[in-house]
Amino acid sequence: MPQKKSVTDSYRRDVASYVAAGGDEQVQRVVTAVQRLSKRLGQWYDNQLADLNVSAGEWAVLSELARSGGQAMTPSRLAVATDVAASSMTHRLDGLVDRGLVERNADPGNRTRVLVTLSDEGWEFFAEAIREANVVEADIVAPLTTEQAGELASLLERLIEGLDESEQPES
């Protein structure tokens, strides 16, 4: 029976391959580690969403509404924010409304326009999912001291700030 590869061994082999091909070792260590963590978290989040009986697209809508700070959003704005066609957004909203997670109401200032908000039940659903995710996320960060976790967060935030300063690729 083949022996299971450890994540660490696989990471080290990949970095060595990238360096052997001409990549800068420090860059490859950082980027490969971030990719591995992102992939592992993505797998866990996919499983969590399946357990919650919510699609990634529905979660994107719930997250966008939660991050809006209580501001109502139009379906078209939600479609742009979550990168889907307006017709797909209508279908997603129908399912979320049926489950009581979001509310659609006429805009009081423009009765021809619909506004979408997160319902109280939707907020609680979102908050519970975040609390559950935080347990796994905390386990990932657990090998670090509080100071190391803070330093890593600061360094990653600097990389994020660098994205704002770099050229955006064309879509």
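Me: What separates the centres of domain 1 and domain 2?

Reply: In this predicted model, the centres, taken over C-alpha atoms, lie 32 Å apart. The domain assignment gives residues 1-50 to domain 1 and residues 53-139 to domain 2.

Me: What makes up the contact between domain 1 and domain 2?

Reply: Contact requires heavy atoms within 4.5 Å. Domain 1 supplies 6 residues and domain 2 supplies 10 residues. The area buried between the two domains is about 620 Å², and carbon and sulfur atoms give 62% of that area.

Me: Which residues of domain 1 lose the most area to domain 2?

Reply: They are Trp-44, Gln-48 and Leu-49, which together account for 74% of what the domain 1 side buries.

Me: Why are H3 and H4 called roughly perpendicular?

Reply: Helix H3 (residues 56-67) and helix H4 (residues 75-82) pack at an angle of about 110 degrees, with their axes 10 Å apart. The range for roughly perpendicular is 65 to 115 degrees. The pair is therefore roughly perpendicular. H3 passes H4 in a right-handed crossing.

Me: What makes the contact between H3 and H4, by residue and by class?

Reply: H3 contributes Ala-60, Val-61, Glu-64 and Leu-65, while H4 contributes Leu-78, Ala-81 and Thr-82. By class, these are 5 nonpolar, 1 polar and 1 charged residues.

Me: Which residues make the contact of H4 with H5?

Reply: On H4 they are Pro-75, Leu-78, Ala-79 and Thr-82, and on H5 they are Ala-86, Met-89, Arg-92 and Leu-93. The contact has 6 nonpolar, 1 polar and 1 charged residues. Arg counts as charged, so Arg-92 is the charged residue here.

Me: At what angle do H2 and H6 pack, and in which hand do they cross?

Reply: Helix H2 (residues 25-52) and helix H6 (residues 120-141) pack at about 145 degrees, with their axes 11 Å apart. H2 passes H6 in a right-handed crossing.

Me: What makes the contact of H2 with H6?

Reply: From H2 come Leu-37, Leu-41, Trp-44, Tyr-45, Gln-48 and Leu-52. From H6 come Phe-125, Ala-129, Glu-132, Ala-133, Val-136, Glu-137 and Ile-140. These residues divide into 10 nonpolar, 1 polar and 2 charged. Glu counts as charged, so Glu-132 and Glu-137 are the charged ones.

Methods
Residues numbered from 1 in each chain as written. Predicted model: local features only at pLDDT ≥ 70, side-chain atom pairs only at ≥ 80, totals over all residues. Heavy atoms only, no water. Axes fitted to C-alpha atoms, helices over the stretch in contact; angles between N-to-C directions. Helix = DSSP H or I, 4+ residues; strand = E, 2+ residues; numbered from the N terminus. Parallel < 35°, antiparallel > 145°, perpendicular 65-115°, else oblique. Left-handed = near helix turned anticlockwise from the far one by under 90°. Domains from an automatic or database assignment. Buried area = accessible area lost by both parts, 1.4 Å probe.
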